[in-house]
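User: Could you walk me through this model, one question at a time?

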Amino acid sequence: MTVRIATWNINSVTARLPKLLDWLGSAAPDVLCLQELKCSADAFPHEAVREAGYEAAVHGTGRWNGVGILSRIGIEDVVRDLPGQPGYLADDALVEVVEPRAIAATCGPVRVWSVYVPNGREVAHAHYAYKLKWLAALREAALEDAAGPRPFAVLGDYNVAPTDADVWDPSLFVGATHVSAAEREALAALETAGLSEVMPRALKYDRPFTFWDYRQLAFPKNNGMRIDLVFGNAPFTSAVSDSYVDREARKGKGASDHAPVVVDLALDAPGAAAEAS
DNA sequence: ATGTCAAGGTAGCCTTGA
């Protein structure tokens, strides 16, 4: 069977609902991981998504963060928050809050996490230390599924550019977040957990950027970054038949500042291996 | 085509985060 899985930082699912429904119709993913819903779970547009043919599992608390998984091939065993997910102590808060940044589900033959890794803000900021702790918790959370026989992937907005080629001008990022050695080491640690990156094709230009800031004409200048990533275990990556960034979705008025990443899997039908042997 | 955008509190603008 062929399964199309995608990830998209939608930057407000309510503001983006027409674009989301359009894209579900045109790209026809079987599973879509969403980040930055920016709404509470109650405010999620369940009815519109259902009419488009998808079930949804969502995790959101309000105006910040929020993640979800849409599926038209079933959605089971939903888990909200990483086991051991660190919280963040905001400047004006008295206690750490575990933010809605991770949700997992099993969709047909595949298990996925949809993750929105903390931004980090600045290297000297407490949010950066939080980001590194968060990535370490993600590795631990992924270990068991990564080692298993079922296709498994962690898809989302990692807020890390894996290499200097993944930002439009590395000279502008010296000393900044998203490119630091510690952040890249945190991605490398995912590989020691048995996950490896699915590298998408670019549909235009040479590099498959996934994010272009709204400011300073970043999109028309192609001043982009590749920070929306897919890490899969061997049963997942070995089944990949294609992957690309749908840059078209970044165009036009009312677009998210991120483009979707699409992964196509060619999986054996359940039981096919047993029948063949 | 494009020199931000979205949400929420608060009162039609400012703050926060990205």
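Analyst: Happy to! This is a predicted model, in which local features need pLDDT of at least 70 and side-chain atom pairs count only at pLDDT 80 or more, while totals for chains, interfaces and linings use all residues. Residues are numbered from 1 along each chain as its sequence is written, and chains are lettered from A and ligands numbered from 1 in the order in which they are written.

User: How many helices and strands does chain A have?

Analyst: Helices (H or I, at least four residues) and strands (E, at least two) are DSSP runs, numbered from the N terminus. Counted that way, chain A has six helices and 14 strands.

User: Why is chain A called as compact as a globular protein of that length?

Analyst: The radius of gyration is taken over C-alpha atoms, and the globule rule is 2.2 Å times the number of residues to the power 0.38. For 277 residues the rule gives 19 Å, and chain A is close to that, so it is as compact as a globular protein of that length, with a radius of gyration of 18 Å.

User: How many residues of strand 4 are buried?

Analyst: A residue is buried if 20 or more other C-beta atoms lie within 10 Å of its own, exposed if 12 or fewer, and partly exposed in between, with C-beta atoms placed from the backbone. On one side of strand 4 the buried residues are V67, I69 and S71, and on the other G68 and L70. For strand 4 (residues 67–71), the count is five of five.

User: Which residue of strand 4 stands opposite C33?

Analyst: Strand 2 (residues 31–35) and strand 4 are antiparallel and share five bridges. On its other pairing, strand 4 is joined to strand 3 by five bridges, also antiparallel, with H59 bridged to V67. The residue opposite C33 is I69.

User: In which sense do strand 7 and strand 8 pair?

Analyst: They belong to an open sheet of six strands, in the order 5-6-7-8-12-9. Y116 stands opposite D157 in strand 8. Over six bridges, strand 7 (residues 110–116) and strand 8 (residues 152–157) pair in the parallel sense.

User: Is K38 buried, exposed or partly exposed?

Analyst: K38 sits in the loop between strand 2 and helix 2 (46–51), and its phi is near 55°, a positive value in a residue other than glycine. Most residues other than glycine have a negative phi. With 19 C-beta neighbours inside 10 Å, K38 counts as partly exposed.

User: Where is R121, whose phi is near 60°?

Analyst: That phi of R121 is a positive value in a residue other than glycine. R121 has 13 other C-beta atoms within 10 Å, so it is partly exposed. Its place is in the loop between strand 7 and helix 3.

User: Which residues come nearest to DNA strand B?

Analyst: A residue is near a strand or molecule if its C-beta atom, placed from the backbone, lies within 6 Å of it. Of the 20 residues around DNA strand B, the nearest are S12, A15, R63, Y214 and R215.

Technical notes: Pairing = 2+ DSSP bridges.
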